[in-house]
Amino acid sequence: MLIICYCELLNNIEQSNNSNNNFFYKDKIFKIFVSYAREDEQAARRLYNDLKNSNLPIEPWLDKEEILPGQDWKREIRKAINESIVFIPVFSSTSVKKRGYVQVEFKYGIEVLKEIPPGEIFVIPVRIDPCEIPYEELKQYHFQDLFPTWDNGSKMILKSIKSLLNNNTTNKN
């Protein structure tokens with residue numbers, strides 16, 4: 001039994017083409033949830049596309065792309081957050097002041113964060129302008145600015161996700 005499990009593990013892990021010998025799960029795609037206020041949809045969509053176009057085995061999740069007509073959107077959002085290995089709240093001077101479901105999403109992501117072992121990356125707070133992140137629970141986490149240079153910020157987010165995948169610390173399906 002142990003030999004079979006070990007062989008299966010070896011079959012499911014492949015070495016990436018990078019020179020620094022990173023390992024990823026073969027044939028496994030990891031969900032990344034992007035949470036944002038409607039007013040910040042353009043920035044959220046840009047981040048979604050950056051994630052989608054990366055060479056990482058990830059599937060970014062954006063409500064406008066994933067929720068089908070007729071589905072219970074609140075249920076689908078909660079389900080997607082629970083299934084994600086990374087939760088990216090997109091903060092802006094608009095989103096931090098706005099009332100509405102975006103606050104529910106941010107708070108639910110924080111609730112799921114409480115289940116994550118210390119030291120494991122789950123939340124990557126992102127700012128698209130120089131706003132103050134209002135949640136005390138997130139202040140201990142290094143946030144990433146996507147301004148003034150979007151590309152540098154996007155690369156750092158991908159680097160963080162890659163680090164999580166390389167460490168194989170997640171047990172999410």
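Trainee: How do you know that strand β3 and strand β5 pair?
Mentor: This is a predicted model, in which local features need pLDDT of at least 70 and side-chain atom pairs count only at pLDDT 80 or more, while totals for chains, interfaces and linings use all residues. Residues are numbered from 1 along each chain as its sequence is written, and side-chain values use heavy atoms, without hydrogens and water. Strands pair if DSSP finds at least two bridges between them; β3 (residues 30-35) and β5 (residues 86-91) have four, in the parallel sense. Strands here are DSSP runs of E, at least two residues, numbered from the N terminus.

Trainee: What makes β4 and β7 edge strands?
Mentor: The open sheet runs β4-β3-β5-β6-β7. β4 (58-61) and β7 (144-145) each have a single partner strand, so one side of each is left without a neighbour in the sheet.

Trainee: Why is the pair of F87 and F122 called stacked?
Mentor: Rings of Phe, Tyr and Trp (its six-membered ring) pair if their centres lie within 6.5 Å; planes under 30 degrees apart count as stacked, over 60 as edge-to-face and the rest as tilted. The centres of F87 and F122 are 6.3 Å apart and the planes stand at 15°, so this pair is stacked.

Trainee: And why is the pair of F106 and Y135 edge-to-face?
Mentor: Their centres are 6.1 Å apart and their planes stand at 80°, so that pair is edge-to-face.

Trainee: Why is F87 called buried?
Mentor: Buried means under 20% relative accessible area, exposed over 50%, partly exposed in between (1.4 Å probe, protein chains only). F87 has 1%, so F87 is buried.
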